[in-house]
Amino acid sequence: MTTRKLSTKEMYRAMVRGLDWEPSYQPSEAIFPYHTFEGIKIHDWDEWEDPFRMTVENYWKYQAEKDRRFYAVLDGFTQGQGHLGISDPKYLNAIKLFLQGVTPLEYMAHRAFSRVARFMPAAAPRFAALAQSMDELRHAQTEIHALSPYNRYYSGLHSMRRWHDRVWYLSVPKSFFDDAAASGPFEFLTAISFGFEYLLTNLLFVPFMSGASFNGDLTTMTFGFSAQSDESRHMTLGLEAVRFMLEQDEDNVPIVQAWIDKWFWRSYRVTALVAAMMDYLLPRKFMSWKEAFELYFEEQMLNGLFPDLKFYGIRPPLHVEQAVAEKEYLSHQVYWVLYSFTYAAMFHTTVPSKDELDWFSEKYPETFDTHFRPLWERARGVQEQGGRFYYLGLPQLCQVCQIPMAFTEPGNATKHVQYRSEYKGESYWTCSEGCKWIFEREPERYVQAWLPVHEIYKGNCGGPSVPEVLAWYGDEGDSGELIGSADWRHWHEWHGREMEG
Amino acid sequence: MMRTVGTYDFAARDRAEVFAPDQLVFVHLAGTYDFCAPAAFRAPGSMTFQEFVEQLVRPWLGSWSTWADLDVSEAEFLLNLEPFEPAWDQALAKQGIVHKALLTIRPGR
């Protein structure tokens with residue numbers, strides 16, 4: 001008797017879609033109560049395409065192989081004192097930003113995709129979401145493992161979960177993801193799988209992973225390779241979910257368009273932190289934020305993806321022209337924010353070196369010398385006199401993105417954008433037309449925002465003063481100026497170098 | 001309007017009564033990027049404008065030695081982006097500087 005091996009397609013049909021059944025003890029809507037309230041109309045779930053045709057068996061096989069390779073590299077790194085490879089103590093702060101800001105989102109993604117995997121009423125999206133849920137858990141774990149070797153030599157890497165929940169700047173990524181996870185399943189897929197993963201993954205991933213590669217951080221780079229094939233599957237899920245909704249019913253088009261408008265802007269605002277990291281925390285630079293934005297967003301998305309979506313009646317996201325205008329100054333403004341409030345950031349910043357300032361002048365000829373070089377030169381002046389500029393106070397935050405209200409009008413790098421909305425007799429301030437539009441569309445949602453500055457003033461963060469807040473964060477010298485910090489000292493000691501200032 | 005599975009009606013987290021008799025006041029020094037964003041202060045509604053400037057705004061301006069001695073009385077003011085003439089000896093709340101109001105200081109008339 002000969003046994004014939006099933007093709008991938010047959011295997012997928014049998015082992016994923018074929019394992020679904022019609023419930024008989026309970027009505028379907030009691031088992032799957034959450035896929036209709038958003039207004040999305042689906043007529044035929046069999047139209048859902050999964051180009052990867054992944055089954056559980058394949059999934060384990062691929063992931064186990066990737067884990068074997070990843071942990072082999074990690075062992076070699078630890079035994080070979082791989083931590084000595086990093087280019088400069090400044091680079092450690094890119095690692096911290098990743099661990100504090102991104103890794104907890106991977107874990108949240110694991111949870112939120114589990115929910116989609118439970119509540120979608122068809123096998124194909126349920127399995128795609130289940131696979132992604134497992135990916136995200138694996139990413140959270142492997143990121144922690146990739147960065148743990150540095151924890152033996154440097155500070156600021158030991159308490160990321162606590163900081164993600166507490167530290168003011170981390171409320172930006174945290175509130176973004178909580179907002180998405182609190183949506184219905186279709187909006188969640190549009191928010192995270194499409195808005196974040198499809199539109200902007202390259203803008204998040206490439207800066208961190210290429211940044212790691214250029215700055216001698218072998219373990220983060222290896223994590224990046226290990227996650228890459230998962231990321232392309234996640235992007236595909238995002239595009240497929242959107243295409244499916246658009247093809248199923250014309251009434252879905254305006255709903256999906258509004259979600260794309262909202263989640264493009266929400267996601268883009270989170271990448272502001274990446275912009276600052278990319279230009280300012282990578283001692284060896286490979287590309288500016290502006291160049292990355294032009295390549296990965298303007299060229300690949302605005303000129304590549306959106307012309308194809310026009311067929312479905314979808315146009316580019318609202319407020320995209322503001323994002324394009326901001327590429328000239330976004331990274332400088334956000335790093336200026338981080339520098340100003342480093343006294344409570346749980347990582348370190350410092351004034352860019354002379355060479356870096358020149359690099360910025362070359363990469364940002366329209367804005368840098370006029371607006372930002374003078375600031376840095378004055379901050380350096382303060383530092384040379386033995387001081388350190390800090391913003392002595394707490395900033396006003398945007399009600400939606402929760403970033404300090406630091407953004408300016410296009411072409412005018414000192415004129416702040418300030419929008420006021422009124423809801424039930426109170427004022428709400430937003431940093432941009434995008435955030436204002438999002439607030440006014442669903443004020444019920446955003447009036448509940450946990451804004452760190454307001455919480456500090458209520459006494460909910462250990463007490464109303466900075467030392468009390470730092471104690472509540474668990475700061476053990478993890479914030480403040482880079483030069484002279486424990487990291488700075490340790491890097492020079494491990495490398496056997498004199499400490500130049 | 002939000003589409004939700006059930007009733008969705010929650011009080012605003014930072015509504016005035018949570019801070020009363022204090023209130024949050026935002027202060028923006030316009031025309032410069034020395035301060036990346038406006039500041040947020042918690043101040044009693046009964047505090048006079050003079051006290052507010054000297055006790056809360058002044059130390060903040062002191063972040064930069066160049067702004068520490070700014071003659072605030074010579075500045076032009078906006079309240080919630082509209083022209084505003086402060087009454088220096090009057091309480092904040094009495095002159096419309098209420099919870100989450102934005103006061104803009106534009107140095108040198």
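Analyst: Two strands pair if DSSP finds at least two bridges between them. Helices (H or I, at least four residues) and strands (E, at least two) are DSSP runs, numbered from the N terminus. This is a predicted model, in which local features need pLDDT of at least 70 and side-chain atom pairs count only at pLDDT 80 or more, while totals for chains, interfaces and linings use all residues. Residues are numbered from 1 along each chain as its sequence is written, and chains are lettered from A and ligands numbered from 1 in the order in which they are written.

User: What is the order of the strands in the open sheet?

Analyst: Read across, the six strands go β2(A)-β2(B)-β1(B)-β5(B)-β3(B)-β4(B), and the pairing is mixed. At the edges stand β2 of chain A and β4 (82-84) of chain B, each with a single partner strand, so one side of each has no neighbour in the sheet. The link between the chains is antiparallel, with two bridges from strand β2 of chain A (residues 394-395) to β2(B). There, Pro395(A) faces Ala39(B).

User: How many residues does each chain give to the contact?

Analyst: Chain B gives 35 residues and chain A gives 42, where contact means that C-beta atoms, placed from the backbone, lie within 7 Å. On the side of chain B that touches chain A, two or more residues come from each of α1 (16-19), β1 (22-29), β2 (39-44), α2 (49-61) and β5 (101-106). That side has 21 nonpolar, eight polar and six charged residues. In this count Ala, Val, Leu, Ile, Met, Phe, Trp, Tyr, Cys and Pro are nonpolar, Asp, Glu, Lys and Arg are charged, and the others, Gly among them, are polar.

User: Now the inside. Which residues touch the most other members of the largest nonpolar core?

Analyst: In soluble globular proteins, nonpolar side chains tend to be buried together. A residue is buried if 20 or more other C-beta atoms lie within 10 Å of its own, exposed if 12 or fewer, and partly exposed in between. A nonpolar core is a set of buried Ala, Val, Leu, Ile, Met, Phe, Trp, Tyr and Cys residues joined through C-beta atoms within 7 Å. The largest core has 159 residues, and those touching the most other members include Leu273(A), Cys398(A) and Val25(B). Helix α10(A) contributes the most to this core, with 17 residues. Not counting residues up to four places away in sequence, Cys398(A) touches Trp429(A) and Cys435(A), among others. Cys435(A) is one of the buried residues of helix α16 (residues 433-441) of chain A.

User: And the backbone angles? Where is Lys424(A) placed?

Analyst: Lys424(A) sits in the loop between β5 and β6 of chain A. Its phi is positive, about 45°, although Lys424(A) is not a glycine. With 10 C-beta neighbours inside 10 Å, Lys424(A) counts as exposed. The strands on either side, β5 (residues 419-423) and β6 (residues 426-430) of chain A, run antiparallel and share five bridges.

User: Which peptide bond is cis, with omega near 5°?

Analyst: That is the bond from Ala20(B) to Pro21(B). You will find Pro21(B) in the loop between α1 and β1 of chain B.

Definitions and conventions
Contact = placed C-beta atoms within 7 Å.
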